[in-house]
Amino acid sequence: MQVDLRVLRYDPERDKKPHWERYSVESEPMDRVLDVLHRVKWDHDGSLTFRRSCAHGVCGSDAMMINGRNRLACKIRVDQLGRKISVAPLPGMPVIKDLVVDMDDFFAKYRSVMPYLVNDEPPPERERLQSPEDRERYDDSTKCILCAACTSACPSFWAQSSYVGPAAIVNAHRFIFDSRDDAAHERLEILADEDGVWRCRTIFNCVDACPRGINITQAILEVSSAIVDRPS
Amino acid sequence: MTPKPTVHDYTAVIVGAGGAGLYAALELARNNIKTAVLTKLYPTRSHTGAAQGGICAALGNLEEDHPDWHMYDTVKGGDYLVDQDAAEILAREAIETVIELEHMGLPFNRTPEGKIDQRRFGGHTRNFGEGPVRRACFAADRTGHMILQTLYQQCIKHGVEFFDEYHVVDLLRDEAPGGETRGVVAYRIADGEMHVFRSSAVMFATGGFGRMFKITSNAFALTGDGVAMCYRRGVPAQDMEFYQFHPTGIVGIGILLSEAARGEGGVLRNDSGERFMEKYAPTLMDLAPRDMVSRAMYMEIREGRGIGGKDFLHLDLTHLGRKVIDEKLPDITEFARVYQGVEPITQPVPVTPTAHYAMGGIPTNTDARVVGDEKNTVVPGLYAAGECACVSVHGANRLGTNSLVDILVFGRRAGLSIAADLAGAGELPALPADAAEQVTGELERMRTRPRGENAHKIRVELSEMMMDRCGVFRTADGLKQLTLELRDLHGRFANVRVNDRGKVFNTDLLEAREVGYLLDCAEATVAGALARTESRGAHFREDYPERNDTDWLKHSLAFRAEGGPDIRYKPVTITRFEPKPRTY
């Protein structure tokens, strides 16, 4: 089948502002959007630029806006979209070229929430014990691949770019609710800031965008409750 | 006249930010050594994150287990081409590295007592081959993702300095024997500027080169950069003829469905529904090593027992039940749903072998120091670990999960070796003024050439011919033909031009550069495969179907030379287990 592909393109060395380009691409229904983009790049125009690596939804490179929703190009198929497919860079983030956005601020926010286990007790000789229930408590938030689909889908982030964003909160959640971690209080202080969890308006765009199926709004609500309940 | 590159001085440089690179970086940070980690991706995009099933360590949390048994399985799984001193280290240090990862926060699945849970995996046995053992520690079926995340988190905690989206394009070293290492040249993807990282210690942790095959589980980024850069600078490539095909790839696109699916009880079936592995490996059946299972699958297909007579088979998980599938195999069953439209809870999944893992690579000793000849002479200042390296712990065929053990054990050892070698080190090496000139010229010619070959077409042709003639089955005739075809592709590649003429984020240019690396890796692979007139592990010669220990119990080393690689050999280290026939 022929797919009518529109791509929002921008080359800072040539263009003053982004513009749409159209391509008619021969595709199979089970093709990924990534396959369609590759066909354009390899057969028509090598300058079409996007990030990708694993091509099966685990590395997080190829998040972009596809038919108006943030998706991984390697995890959405042509038959899920129909013959008309439009692709644009993740919204609310500075565009470097075509579908490639600047991730520096996104990763800086991730780093700001202490996204690592803190436990200064001398470790035992063997593993620290953790019950299956305690392990399950933070399971959902371990799935995050830092693709930025959620944060760049969030209207609160569009309105206020200093908002730490759902991805960073999910990664804080992953440690706040890990029974082995001792720094929940510090992370909750960071997220109690005006650019922390309170900017979430439970719009659920993040949940719709997450390619890993993480219940992000739930995680944000759990962190918010923990901030309210924390001993002062 | 090319613009002058920006020069950075670092005590140590690590190329690649997967498990091996990150573990080494962490050790260097703990030793306060000024280190730059360069990656052409972002660290969390590295292919370690795609590893699914588990990491083996003889913790014995669920049943009796010993590092000796793990070592034996590794040696036998590798068809006795494994260096046994390395395998012993792998099996022993697997335990402490898994425990350390847990201490770093890795969210392993747990037993009811709260210990790390363990499951069965291909080729891992109790008591020297008696039956399967529960040795693979796991975090659902995203163990690699959790390892990558945990190590990256710890690197952030320890202030490791990353250069994300810096594509390393050349190794700077004095190519004379004993010559020093001087650093690397990197291309900053964001703006196309050249950067030289001056350092007397360079570690490669760049992963594999599965993209030389048409059907592969490997990410697009896996183009053999480190192996090829070393090969071009006088370092041989070891055991390149041993390339593993994983039995269960998604038909047509090669995405992996983890061996954990069979570890949890999944079985392979042919067109008549027969569990055909009973015939080929009566004891371990579906959990036999990957080379054997992949060959068995091709035999079934050749004899007309593929599904509907076609070139694929079924992976049957339907008897496992929804609970096991949802709790222990959620990701891979989702792959089947997304990429094949199959519901694994009720339907068998169509699978075919997929190019998966390079046993060969940059030769190193057990301290992750690169060795440059048949006498294992250390190349000063050069280190390698992970899939790009060949220690050799995998010999002729790697066991499932041992790739993750390898990156951790030898990634850490690389960090410790660099730290030890740098203790008391003085000034950085002198750098010639034209250090970046050669590679800058190569890239500029590709970018600005008015007419020329299309790199993508060359890559497609390469991957098809490698799949056909250097895959699971090989013959002298096919490999000779391939040698000539590769020479032709190399010739065409010298005249590549790219479509994108810009400086900003020119992935067209870098993809073309990567095709050159793949061609070099393919050249060494084919030369090794043609020379080795026996069948061992993943290298199967139809014209020489038996293993031949008298003539071939030795590692190959491919040195780059005019007119094709010069293949030399070095002995295998055998300490405890004499080669025996390999049955399962």
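Colleague: What should I know before I start?

Modeller: The model is predicted: local features need pLDDT of at least 70, side-chain atom pairs count only at pLDDT 80 or more, and totals for chains, interfaces and linings use all residues. Residues are numbered from 1 along each chain as its sequence is written, and chains are lettered from A and ligands numbered from 1 in the order in which they are written.

Colleague: What is the strand order of the open sheet in chain A?

Modeller: Strands of a sheet pair through backbone hydrogen bonds, either parallel or antiparallel. Here, strands are DSSP runs of E with at least two residues, and helices are runs of H or I with at least four, numbered from the N terminus. Two strands pair if DSSP finds at least two bridges between them. The open sheet has five strands in the order β2-β1-β5-β3-β4 (chain A), and its pairing is mixed. Its edge strands, β2 and β4 of chain A, each pair on one side only. On average, neighbouring strands are turned by 35° against each other, direction ignored.

Colleague: Which pairs are parallel and which antiparallel?

Modeller: β1(A) and β5(A) are parallel, over four bridges. There, A:Asp4 has A:Lys84 of β5(A) as its bridge partner. β3(A) and β4(A) run antiparallel, joined by four bridges. A:Met64 is bridged to A:Arg71 in β4(A). β3(A) and β5(A) are also antiparallel, with two bridges. A:Met65 stands opposite A:Ala88 of β5(A).

Colleague: Which residues of helix α1 of chain A are buried?

Modeller: An α-helix has 3.6 residues a turn, so residues three or four places apart point the same way. A residue is buried if 20 or more other C-beta atoms lie within 10 Å of its own, exposed if 12 or fewer, and partly exposed in between, with C-beta atoms placed from the backbone. In α1(A), residues 33-43, the buried ones are A:Val33, A:Leu34, A:Val36, A:Leu37, A:His38 and A:Lys41. Their cover includes β1 (2-9), β2 (19-26), β3 (63-66) and β5 (84-88) of chain A.

Colleague: How many residues does each domain of chain A bring to the contact between them?

Modeller: Domain bounds come from an automatic or database domain assignment. For chain A it gives domain 1 (2-101) and domain 2 (104-229). Domain 1 supplies 14 residues and domain 2 supplies 12; contact requires C-beta atoms, placed from the backbone, within 7 Å. Strand β4 of chain A, residues 69-72, gives the largest share of the domain 1 side, four residues.

Colleague: How many residues of chain B are in contact with chain A?

Modeller: In chain B, 43 residues are in contact with 41 residues of chain A. Helix α4(B) gives the largest share of the chain B side, six residues. That side has 20 nonpolar, 15 polar and eight charged residues. Ala, Val, Leu, Ile, Met, Phe, Trp, Tyr, Cys and Pro count as nonpolar, Asp, Glu, Lys and Arg as charged, and the others, Gly among them, as polar.

Colleague: Which residues have the most contacts inside the largest nonpolar core?

Modeller: In soluble globular proteins, nonpolar side chains tend to be buried together. A nonpolar core is a set of buried Ala, Val, Leu, Ile, Met, Phe, Trp, Tyr and Cys residues joined through C-beta atoms within 7 Å. The largest has 270 residues, and B:Val13, B:Ala24, B:Met203, B:Ile362 and B:Ala385 have the most contacts inside it. Helix α15(B) gives the most to this core, with 14 residues.

Terms used
Two residues are in contact if their C-beta atoms, placed from the backbone, lie within 7 Å. Axes are lines fitted to C-alpha atoms, for helices over the stretch in contact, and angles run from 0 to 180 degrees between N-to-C directions.
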